[in-house]
Amino acid sequence: MELIFVHGALVRDGEWWWRRAADLLRERTGIRSRALALPSCGETTPEQVAGGLVADAAALRRELDDVDSAIVVGHSYGGTVIAEAGHHPAVAHLFYVSSYLPEVGQSQAAIMSGEDDPVSIGDNGDGTLSVSGYDAASFGARFLQDADATTQRQGWERTSPQAVGAFMTPTSAAGWHGADSTYLVCGLDRSTSVELQRVHAGRATRSVELPTGHHPFLSRPDLVVDQIEVVLQQAPRAGHPGGS
């Protein structure tokens with residue numbers, strides 16, 4: 001069993017975002033983790049950036065081809081990547097953190113369009129988008145308010161342009177259908193509304209609400225790993241459909 005972490009939109013360096021939880025998970029359980037490099041965020045080759053969501057989903061499938069069994073963690077946009085990747089025999093469990101379980105035909109932009117206080121995103125004019133109107137302080141206050149100042153600054157330094165296609169491409173698959181899944185609702189999230197999280201959490205097998213902001217694997221990795229351990233304890237049932 002391994003764990004594959006799929007980070008959110010408009011940032012890079014998934015290994016950094018996931019490291020605190022990965023280290024604690026390894027210490028407690030011995031489970032190894034890897035963080036997916038997203039082509040749409042420029043983390044692979046320049047030629048793959050324009051592939052957007054489709055390229056990201058293909059990258060996830062390649063990682064899954066390399067393991068016998070995996071828990072896949074999707075943070076924010078990462079859930080849309082999981083959906084587009086479709087069904088894969090190596091998936092033992094899907095684990096969502098303030099994320100999305102889109103139906104076929106839903107794009108990331110469409111999912112986010114109903115938010116009352118949407119994240120500000122600007123068009124770079126070159127086929128990519130970036131967070132817009134933020135500086136280190138305001139980014140920290142919005143996305144990492146429950147993390148320390150150093151972590152907030154380091155998170156800001158890892159913001160990244162991302163292909164428009166990551167947001168505008170409708171999903172052609174819904175890989176979460178029929179898969180055992182857990183959803184962590186981040187109750188103090190200032191990025192994705194709790195209301196929208198609860199809609200998507202209702203599509204998962206089970207859900208738990210945490211008293212955290214958008215990145216609990218940075219601010220409270222212990223709480224995230226607690227819930228992964230619950231999944232591991234229920235491993236014989238992983239991979240089979242479940243109820244809410």
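**Reading helix 6**

Modeller: The buried residues of helix 6 are T151, Q152 and G155; buried means under 20% relative accessible area, with a 1.4 Å probe and protein chains only. Helices are DSSP runs of H or I, at least four residues, numbered from the N terminus. This is a predicted model, where local features need pLDDT of at least 70, side-chain atom pairs count only at pLDDT 80 or more, and totals for chains, interfaces and linings use all residues. Residues are numbered from 1 along each chain as its sequence is written, and side-chain values use heavy atoms, with hydrogens and water left out.

Biologist: Which helices do the buried residues of helix 6 pack against?

Modeller: Contact means heavy atoms within 4.5 Å. The partners are helix 1, helix 5 (136–143) and helix 9 (216–219). With helix 1, residues T151, Q154 and G155 of helix 6 meet W16, W17 and R20.

Biologist: What caps the N-terminal end of helix 6?

Modeller: A polar contact is a pair of N or O atoms within 3.5 Å; within protein, one must be able to donate a hydrogen and the other to accept it, and residues adjacent in sequence count only if both atoms are side-chain atoms. The cap is D148, with a side-chain oxygen 3.1 Å from the backbone nitrogen of T150.

Notes:
Helix = DSSP H or I, 4+ residues; strand = E, 2+ residues; numbered from the N terminus. Buried < 20%, exposed > 50% of the residue type's maximum accessible area, 1.4 Å probe, protein only.
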